[in-house]
Amino acid sequence: MTTVGSRQGDFDSRQSLFGLEIDAMTMAEVLERAHLAVQERRRLLIGVVNAAKVVKMRKDELLRNSLLAADVLLADGQSIVWASRILGRPLPERVAGIDLFERLLESANLNSASVYFLGARADVLDALLEQVGARFPDLRVAGSRDGYFSAEQSSEVAEAIAASNADMLFLGMTSPKKEIFLASFGDTLNVPLLHGVGGSFDILAGVTRRAPRTWQRLGIEWAFRLLQEPRRLLSRYLSTNTAFIALTLRERIHPTASYAGVSATRRTHRAPEQPSSPEHGERQGTQ
């Protein structure tokens with residue numbers, strides 16, 4: 001399988017925001033690029049960024065490097081799109097990770113591409129496979145594995161994925177386990193398209209509710225999640241959103257220098273030490 005050394009080509013349209021180069025792409029353009037990647041067996045690692053990641057990456061090197069490693073970096077949160085317009089570097093639209101996940105499944109169903117699901121609890125994964133099978137009856141599932149495996153089992157999981165010859169790999173894993181797994185084994189997985197989808201497995205499996213479409217269009221999905229889990233999320237959202245607003249104001253006056261200039265290229269993966277515990281951490285969400 002062909003790998004890519006940098007983000008180049010006809011799709012090379014990016015905006016520099018918060019020290020990141022975010023692709024100014026619509027959903028249709030992302031799907032076109034994904035289709036070409038699968039056809040040509042050329043690696044396409046899709047990354048997504050929201051307000052929480054912008055705030056956290058300033059102190060979290062692993063998270064920051066995972067964003068820099070992406071071949072395509074998209075605005076998963078509506079707040080990123082709003083900030084891009086305020087800063088005079090507009091992005092065309094929000095490309096939510098879960099929406100892209102569903103559109104890629106639809107594409108795979110229509111084009112006989114095969115997919116591999118990695119992550120979540122075993123019961124959630126079973127429910128996901130059942131729901132996906134009902135919605136996309138022609139979808140070819142090359143394999144699946146829950147996210148509860150030890151560091152010692154990681155190489156075995158990677159070998160199984162590579163042997164499946166899947167066209168698309170969806171990782172429903174929490175941070176930092178997802179980033180560590182991709183950093184350690186991403187170049188050996190033999191899968192053209194890789195997309196970390198956070199807690200989207202839970203939503204498609206019917207375990208977690210997603211905000212109604214009206215809330216999605218208004219860019220306030222975070223408020224819907226807050227209503228569902230106020231005790232857990234109130235302080236986190238308050239601090240994160242406040243910090244993001246402050247960073248946006250600061251960016252207006254003093255734009256952040258590109259992190260890519262002080263880091264390895266996006267295709268240079270540093271393999272950090274594997275954690276010994278099984279999948280852990282909080283589900284990722286968009287803001």
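1. Phe101, Phe117, Phe170 and Phe201 are joined into a cluster by ring pairs, where rings of Phe, Tyr and Trp (its six-membered ring) pair if their centres lie within 6.5 Å. By this rule the count comes to 10 aromatic pairs.

2. This is a predicted model, in which local features need pLDDT of at least 70 and side-chain atom pairs count only at pLDDT 80 or more, while totals for chains, interfaces and linings use all residues. Residues are numbered from 1 along each chain as its sequence is written, and side-chain values use heavy atoms, with hydrogens and water left out.

3. Phe101 is buried, with a relative accessible area of 0%, and Phe117 is buried with a value of 0% (buried means under 20% relative accessible area, exposed over 50%, partly exposed in between, with a 1.4 Å probe and protein chains only).

4. Trp215 and Phe224 form another edge-to-face pair, at 5.6 Å centre to centre and 75° between the planes. Trp215 is partly exposed at 27% relative accessibility, whereas Phe224 is buried at 10%.

5. Helix α1 (residues 27-40) contacts helix α5 (residues 97-111) through Met27, Val30, Leu31, Ala34 and His35, which meet Asp99, Leu100, Arg103, Leu104 and Asn111 (contact means heavy atoms within 4.5 Å).

Notes. Axes fitted to C-alpha atoms, helices over the stretch in contact; angles between N-to-C directions. Helix = DSSP H or I, 4+ residues; strand = E, 2+ residues; numbered from the N terminus. Phe/Tyr/Trp six-rings, centres within 6.5 Å; stacked < 30°, edge-to-face > 60°.
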